[in-house]
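Student: I would like to learn how to read a structure like this one with care. Could we look at it together, one feature at a time?

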Amino acid sequence: MTEVIVLISKPPAPEVAASILDEAKGASKPIVVCFLGGDPKMVRDHGLIAAQTLEDAARQAVRAETGSDAHSHCAPTPDLPKLAKEQKYVRGLFSGGTFCYEALLLLREFVGDVSSNTPINKQMKLKNNNISTGHVCIDFGEDEFTVGRPHPMLDFRFRNDRIVQEARDPETAVILLDLVLGYGANADPAGALMPAIRKAMEVARAEGRTLAIVASVCGTSDDLQGLEQQKASLREAGVTVLSSNAQASRFAGQIAQATQK
């Protein structure tokens with residue numbers, strides 16, 4: 001039986017948000033609302049539970065059902081890597097738009113506005129989606145990458161090529177990735193990423209650089225891909241794996257921010 005309802009989206013138009021919230025406030029069950037980048041006061045004014053990030057939405061949902069906070073699996077924040085002074089920029093390469101949008105929101109707290117094919121501000125729209133300049137987050141689930149092709153949650157070819165491309169750029173400080181498990185996703189996403197990750201690390205080492213690769217894995221231990229197995233594979237390849245996209249995005253921002261000092 002449904003105990004708690006969670007609503008998640010990029011921020012709707014104000015009139016659409018108002019319509020949704022008006023409908024939701026009449027529900028007899030707790031409703032958690034995460035309109036990424038939206039106004040939490042508007043949510044609270046409708047008597048609903050506001051969440052700022054996807055991770056926050058999950059915790060709020062657990063709290064609404066159980067009356068207590070979810071058990072935290074957060075590991076201590078990793079040490080910042082030592083990078084060359086030329087390494088300045090975050091390059092986020094995402095298989096879907098929601099994680100990409102959340103990363104754009106969180107990264108700007110550390111590095112300011114970030115360019116994207118799906119930017120928060122239209123002025124930050126990439127002129128060429130195949131070339132990164134400055135801080136960049138790419139949503140590989142957009143039409144320009146998927147028309148006539150499998151979705152990047154299944155087919156990693158374009159994202160893998162871009163990982164190696166970003167590794168060749170001496171200004172890349174950190175590559176930020178998401179992995180999604182479950183039905184409709186690659187049977188072994190970490191395995192599909194491994195050739196590109198290993199190649200990226202080799203490219204950086206050959207040029208005397210340390211390349212930071214930071215990732216989060218969205219899934220559960222019940223997913224056929226195996227949450228812990230996927231995380232272990234990434235860590236064995238030298239990837240820093242954090243418990244949520246929000247945590248991974250903030251850590252990537254901290255890496256880039258540290259290089260600016």
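Tutor: Let us begin with a term for directions: angles under 35 degrees count as roughly parallel, over 145 as roughly antiparallel, 65 to 115 as roughly perpendicular and the rest as oblique. The axes themselves are lines fitted to C-alpha atoms, for helices over the stretch in contact, and the angles run from 0 to 180 degrees between N-to-C directions. Helices (H or I, at least four residues) and strands (E, at least two) are DSSP runs, numbered from the N terminus. Please keep in mind that this is a predicted model, in which local features need pLDDT of at least 70 and side-chain atom pairs count only at pLDDT 80 or more, while totals for chains, interfaces and linings use all residues. Residues are numbered from 1 along each chain as its sequence is written, and side-chain values use heavy atoms, with hydrogens and water left out.

Student: How are two packed helices described, and at what angle do the axes of α6 and α7 cross?

Tutor: Two packed helices are described by the angle between their axes and the distance between the axes. Here helix α6 (residues 157–168) and helix α7 (residues 189–206) have axes that cross at roughly 10° and come within 9 Å, and α6 and α7 are therefore roughly parallel to each other. On the α6 side the contact (heavy atoms within 4.5 Å) is made by Asn160, Ile163, Val164, Ala167 and Arg168, and on the α7 side by Ala192, Leu193, Ala196, Lys199, Ala200 and Val203. To sort such residues, Ala, Val, Leu, Ile, Met, Phe, Trp, Tyr, Cys and Pro count as nonpolar, Asp, Glu, Lys and Arg as charged, and the others, Gly among them, as polar. In the contact of α6 with α7 this gives eight nonpolar, one polar and two charged residues.

Student: Is Asn160 buried or exposed?

Tutor: Buried means under 20% relative accessible area, exposed means over 50%, and partly exposed lies in between, with a 1.4 Å probe and protein chains only. Asn160, which has its place in helix α6, has a relative accessible area of 12% and so is buried. Leaving out residues up to four places away in sequence, Asn160 touches Ala192, Leu193 and Ala196.

Student: Which residues does Arg168 contact, leaving aside its neighbours within four places in sequence?

Tutor: Arg168, also found in helix α6, is in contact with Lys199, Val203, Glu207 and Arg209 once those neighbours are set aside. With a relative accessible area of 46%, Arg168 is partly exposed. Glu202 in helix α7 likewise counts as partly exposed, at 43% relative accessibility.

Student: How do the axes of α7 and α8 cross?

Tutor: The axes of α7 and α8 cross at roughly 10° and come within 9 Å, and that makes α7 roughly parallel to α8. From α7, Pro189, Ala190, Leu193, Met194 and Ile197 meet Gln230, Ser233 and Leu234 of α8. By class, the contact of α7 with α8 has six nonpolar, two polar and no charged residues.

Student: What is a cavity, and what is a pocket?

Tutor: On a 1 Å grid over the protein atoms alone, a cavity is a set of points where a 1.4 Å probe fits but cannot get out, whereas a pocket is an open set with protein on both sides within 12 Å along at least five of seven lines; lining residues have an atom within 4 Å of a point. Grid points are joined across faces, edges and corners, and a volume is the space filled by probe spheres set on the points. This structure holds two cavities of 30 Å³ or more. The largest cavity has about 60 Å³ of space, and its lining consists of Phe140, Phe145, Arg149, Pro150, Pro152, Asp155, Arg157, Phe158 and Arg159. Helix α6 gives the most to that lining, with three residues.

Student: How much space lies in the second largest pocket, and which helix gives the most to its lining?

Tutor: About 200 Å³ of space lies in the second largest pocket, and helix α4 (residues 97–111) gives the most to its lining, with five residues. The lining residues of this pocket divide into five nonpolar, four polar and three charged.
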